[in-house]
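Biologist: Before I use the labels on this model, I would like to see how each was reached. Can we go through them in turn?

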Amino acid sequence: NGSFTLSGNAPTVGTGVWSIIGNANGVVIADVNSATSGVSGLTAGNSVTLRWTISNGTCDPSTSDVVLKSDAKPTVSNAGADQTQCDNGSFTLAGNAPTVGTGVWSIVGNANGAVIADVNSATSGVSGLTAGSSVTLSWTISNGVCTSSTDDVVLQSDAKPTDANAGADQSQCDNGSFTLSGNAPTVGTGVWTIVGTANSAVITTPSSNVSGVTGLTAGSSVTLRWTISNGVCSSSSDD
């Protein structure tokens, strides 16, 4: 905003006049003799120094300076896309470099071990994020008295899933109903799938490690796969 209202003192003795010291940067003083004149036209990102001079006859004049500044709006912040890795707590940030203002990274909420190498670098490294957790970072670009611009990015380190164990092979006589005995995952989620021909077998609850299986045709077999997955990590499976 390049418009201001001055607040010089009204002289009780003498007369006052405003003058521009140095570069005007587009400034126009509406009434140079008014202590409370309006000023307009100051270019954003610049400042101007105005001098209020009160004179009377042959006496030495009295002067006082005031600086008017119009801060430019900061660059709109962009913290970059969210990032997810498997069992790796080190990341490289991808914030935008400000053309106006300065940027700083901050941690929002729980750090979960994350440490920002250089809080003022848009592309700082981050290390120490605990596997199985995430951290939210805020990239804030500020300039003078203008409202800051902020944007958040979420970094996530997925923990490796529990190693899958589908249990021992099972054989029965003329009975197509079974109870599976896969291991319950401590990390990730599991699902049963049929590998190859089902031979009429139906998995009752595919997400249960101890699901029932029904309908297997007598004289045939079926292979079931127990797969445990977590986030972007490679899945673990066993048949």
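This is a predicted model: local features need pLDDT of at least 70, side-chain atom pairs count only at pLDDT 80 or more; totals for chains, interfaces and linings use all residues.

Biologist: How many salt bridges does the structure hold?

Modeller: The structure holds three salt bridges.

Biologist: What makes the pair Asp65 and Arg51 a salt bridge?

Modeller: The closest N and O atoms of Asp65 and Arg51 are 2.7 Å apart. The cut-off is a side-chain nitrogen of Lys or Arg within 4 Å of a carboxyl oxygen of Asp or Glu, so the pair of Asp65 and Arg51 at 2.7 Å counts as a salt bridge. Asp65 lies in strand 6 and Arg51 in strand 5, so the pair ties together parts that are 14 residues apart in sequence.

Biologist: Why is Asp65 called partly exposed?

Modeller: Asp65 has a relative accessible area of 40%. Buried means under 20% and exposed means over 50%, with partly exposed in between, so Asp65 at 40% is partly exposed. Arg51, with 29% relative accessibility, counts as partly exposed.

Biologist: What distance is given for the salt bridge of Asp71 and Lys69?

Modeller: The side chains of Asp71 and Lys69 meet at 3.6 Å, N to O. The limit is 4 Å, so the pair of Asp71 and Lys69 counts as a salt bridge.

Biologist: Is Asp71 buried or exposed?

Modeller: Asp71 counts as buried, because its relative accessibility is 14% and the limit for buried is under 20%. Lys69 has a relative accessible area of 56%, and exposed means over 50%, so Lys69 is exposed.

Biologist: How do you know that Arg225 and Asp239 form a salt bridge?

Modeller: The closest N and O atoms of Arg225 and Asp239 are 2.7 Å apart, and the definition asks for a distance within 4 Å. The pair links distant parts of the chain. Arg225 is in strand 18 (residues 223–229), and Asp239 is in the segment after strand 19 (236–238), 14 residues apart from Arg225. Arg225 is partly exposed at 30% relative accessible area, and Asp239 is partly exposed at 38%.

Biologist: What lies 2.9 Å from a polar atom of the side chain of Asp158?

Modeller: The backbone nitrogen of Val232 lies at that distance from the Asp158 side chain. A polar contact is a pair of N or O atoms within 3.5 Å, and 2.9 Å meets that distance limit.

Biologist: Where is Asp174 found?

Modeller: Asp174 is in the loop between strand 13 and strand 14 (178–179). Phi of Asp174 is near 50°, a positive value in a residue other than glycine. Asp174 counts as exposed, because its relative accessibility is 67% and the limit is over 50%.

Biologist: What volume does the largest pocket have?

Modeller: The largest pocket has a volume of about 470 Å³. Of the 24 residues that line the largest pocket, the closest to its centre are Asp169, Gln170, Phe178, Leu216 and Val222. The lining of the largest pocket divides into 10 nonpolar, 11 polar and three charged residues.

Biologist: Which strand gives the most to the lining of the second largest pocket?

Modeller: Strand 6 gives the most, with six residues. Strand 5 (46–55) and strand 6 (62–70) each supply at least two residues of that lining. The second largest pocket has a volume of about 190 Å³ and is lined by 14 residues. Ser7, Gly8, Trp18, Trp52 and Val66 lie nearest its centre.

Definitions and conventions
Residues are numbered from 1 along each chain as its sequence is written. Side-chain values use heavy atoms; hydrogens and water are left out. On a 1 Å grid over the protein atoms alone, a cavity is a set of points where a 1.4 Å probe fits but cannot get out, and a pocket is an open set with protein on both sides within 12 Å along at least five of seven lines; lining residues have an atom within 4 Å of a point. Grid points are joined across faces, edges and corners, and a volume is the space filled by probe spheres set on the points. Ala, Val, Leu, Ile, Met, Phe, Trp, Tyr, Cys and Pro count as nonpolar, Asp, Glu, Lys and Arg as charged, and the others, Gly among them, as polar. Helices (H or I, at least four residues) and strands (E, at least two) are DSSP runs, numbered from the N terminus. A polar contact is a pair of N or O atoms within 3.5 Å; within protein, one must be able to donate a hydrogen and the other to accept it, and residues adjacent in sequence count only if both atoms are side-chain atoms. Buried means under 20% relative accessible area, exposed over 50%, partly exposed in between (1.4 Å probe, protein chains only).
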